[in-house]
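Good morning, everyone, and thank you for making the time. I would like to take you slowly through one model today, so please have the sequence and the picture open beside you.

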Amino acid sequence: MNYEIVHTNTFTYETQVDQSLNTIRLKPLTDEVQRLLMYRAEITPASLTQEYTDLWGNQVETFFIPEKHNLLEVKTTSVVSIQRGSFIYEIQYSKRMQDIFHSQQFRQHYLSFLNETDYTLLHPEQLSEVKRGLGEMDNPVQYALRVMKYVYETFTYCGEATSVNTLARQAFELKKGVCQDLAHVMIGILRAGRIPARYVSGYLYVGEDSALKGDAATHAWVEVMVPGIGWVGLDPTNNVEALDNHIRVGTGRDYADVSPLQGVYRGGSSTLDVGVSVTLLEHPGE
């Protein structure tokens with residue numbers, strides 16, 4: 001599957017800004033199942049950009065605008081090819097996988113994705129509620145699927161109930177939220193069960209499948225580490241394995257690691273307008 005993604009962020013400042021320093025994470029990943037065919041970032045006012053790879057393997061661009069401006073527009077255009085097939089439902093949890101999962105080496109290697117962050121931490125009484133609904137964690141593969149279904153069935157997708165700063169424990173109390181909140185809650189439950197889990201930021205191609213839900217801008221889901229196999233994506237917003245309509249931009253411990261755009265500026269308040277379009281291409285490069 002080949003997609004073109006056009007993502008535009010437009011900041012309008014209340015008063016004139018005389019300088020701003022910004023960081024963007026909008027360049028899709030390239031790995032064994034996803035390939036970035038084209039990427040272009042257009043920044044207005046014009047700015048020199050420096051690119052680097054962060055600790056989590058994400059492509060990060062920073063740019064500084066020294067001149068005075070009332071508006072900042074960041075428009076990125078990407079073409080991505082994805083070839084990913086469903087397989088988590090076919091995985092048999094073998095004795096060898098069990099040995100890997102319980103090994104000290106496995107724990108140490110994925111410690112960053114086992115430790116809770118402020119975004120993902122759930123209260124003990126909330127985890128007790130989950131345990132009553134799901135039972136004990138015995139098979140991490142099947143448990144991850146049960147957690148995904150639990151979050152999907154327990155929480156109501158609602159764009160007005162939370163903000164980008166909402167924590168998992170707050171969303172858990174509300175039993176409402178957007179994909180970011182559902183991902184944080186799922187990660188919190190998985191990590192409490194000693195299953196390495198990470199946050200994924202990207203885009204969801206909905207197409208004509210109106211059953212799929214996702215933010216109008218970016219989408220978020222979860223990847224779990226299957227012992228001896230690797231990271232597998234699960235989307236609690238839609239209760240599906242993340243397949244070739246899930247376009248990955250970045251991964252990290254939580255939203256803070258993969259926030260699409262961060263910046264500091266000297267001036268008054270601002271408003272942000274975000275526009276995203278994801279188009280299915282019939283042929284590569286079309």
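I will talk about a few strands, then one asparagine, and then the salt bridges.

Please keep in mind throughout that what you see is a predicted model.

Let us begin with strand S11, which covers residues 230–235 and is mostly covered, since five of its six residues are buried. On one side, S11 pairs with strand S10, residues 219–226, in the antiparallel sense over five bridges, and within that pairing glutamate 223 stands opposite glycine 233. The two strands form a hairpin with three residues between them, and in the turn you will find glycine 228, which has a positive phi of about 80°. S11 is also joined to strand S12, residues 240–241, by two bridges, and these strands again run antiparallel, with leucine 234 standing opposite glutamate 241. Here too there is a hairpin, with four residues between the strands, and asparagine 239 in the turn has a positive phi of about 55°.

Now, is asparagine 9 buried or exposed? This residue sits in strand S1, residues 2–17, and it counts as buried because its relative accessible area is 6%, where the cut-off is under 20%. Its side chain makes a polar contact of 3.3 Å with the side chain of histidine 7, and, leaving aside neighbours within four places in sequence, asparagine 9 is in contact with several residues, including Leu26, Leu72, Leu261 and Val274.

Let me turn to the salt bridges, of which a search of the whole structure finds eleven. One of them joins arginine 25 to aspartate 54, with the closest N and O atoms 3.4 Å apart, and this pair links distant parts of the chain, 29 residues apart, from the loop between S2 and S3 to the loop between S4 and S5. Both partners are buried, arginine 25 at 14% relative accessible area and aspartate 54 at 13%.

A contrasting case is lysine 95 with aspartate 99, whose closest N and O atoms are 2.9 Å apart, and which both lie in helix H1, four residues apart, about one turn of the helix. Lysine 95 is exposed, at 56%, whereas aspartate 99 is partly exposed, at 36%.

How values were computed: Residues are numbered from 1 along each chain as its sequence is written. This is a predicted model: local features need pLDDT of at least 70, side-chain atom pairs count only at pLDDT 80 or more; totals for chains, interfaces and linings use all residues. Side-chain values use heavy atoms; hydrogens and water are left out. Buried means under 20% relative accessible area, exposed over 50%, partly exposed in between (1.4 Å probe, protein chains only). Two strands pair if DSSP finds at least two bridges between them. A polar contact is a pair of N or O atoms within 3.5 Å; within protein, one must be able to donate a hydrogen and the other to accept it, and residues adjacent in sequence count only if both atoms are side-chain atoms. Contact means heavy atoms within 4.5 Å. A salt bridge is a side-chain nitrogen of Lys or Arg within 4 Å of a carboxyl oxygen of Asp or Glu.
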